[in-house]
Amino acid sequence: MQQSTLRWKTMGRAIKNTLISLVGFIFVAIGLIFILLPGPAILFLPLGLALLSLQHEWAKVWLKRCQRLMRKSAVQLDKMWLRFKYRKP
């Protein structure tokens with residue numbers, strides 16, 4: 001009896017891990033497609049990498065790179081906006 005519940009728990013864990021990886025890869029693929037086509041790549045790539053980083057070390061590295069790049073872009077956009085806002089007519 002106890003052996004069968006243990007088997008179900010390990011099978012459930014394997015299914016959960018597989019689903020997380022599958023959804024993560026799908027989100028990353030959609031994000032990569034949206035880089036080429038107009039769409040919300042900025043949402044799908046980090047979300048997919050965050051899901052994949054739960055199980056894969058390489059995804060953690062790419063997620064940190066993505067976050068760093070997004071932070072730099074936000075700072076540059078803020079600077080550009082301030083220059084535009086306070087420009088002399």
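Select L49: this residue sits in helix α2 (helices are DSSP runs of H or I, at least four residues, numbered from the N terminus). The model is predicted; local features need pLDDT of at least 70, side-chain atom pairs count only at pLDDT 80 or more, and totals for chains, interfaces and linings use all residues. Residues are numbered from 1 along each chain as its sequence is written, and side-chain values use heavy atoms, with hydrogens and water left out.

L49 is buried, at 9% relative accessible area (buried means under 20%, with a 1.4 Å probe and protein chains only). Now show its neighbours. Leaving aside residues up to four places away in sequence, L49 touches V28, A59, W62, L63 and C66 (contact means heavy atoms within 4.5 Å).

Next, select α3, residues 57-85. α3 has 29 residues and spans 42 Å from first C-alpha to last, close to the 42 Å expected (1.5 Å times one less than the number of residues). Colour A59, L63 and C66, which are buried in α3. The cover over the buried residues of α3 includes α2.

Finally, show α2, residues 41-53, with α3: their axes come within 8 Å and cross at roughly 150° (axes are lines fitted to C-alpha atoms over the stretch in contact, with angles from 0 to 180 degrees between N-to-C directions). The pair is therefore roughly antiparallel (angles over 145 degrees). On the α2 side, pick I42, P46, L49, A50, L52 and S53; on α3, pick W58, A59, K60, W62, L63, C66 and M70.

Note on methods. Helices (H or I, at least four residues) and strands (E, at least two) are DSSP runs, numbered from the N terminus. Angles under 35 degrees count as roughly parallel, over 145 as roughly antiparallel, 65 to 115 as roughly perpendicular and the rest as oblique. Buried means under 20% relative accessible area, exposed over 50%, partly exposed in between (1.4 Å probe, protein chains only).
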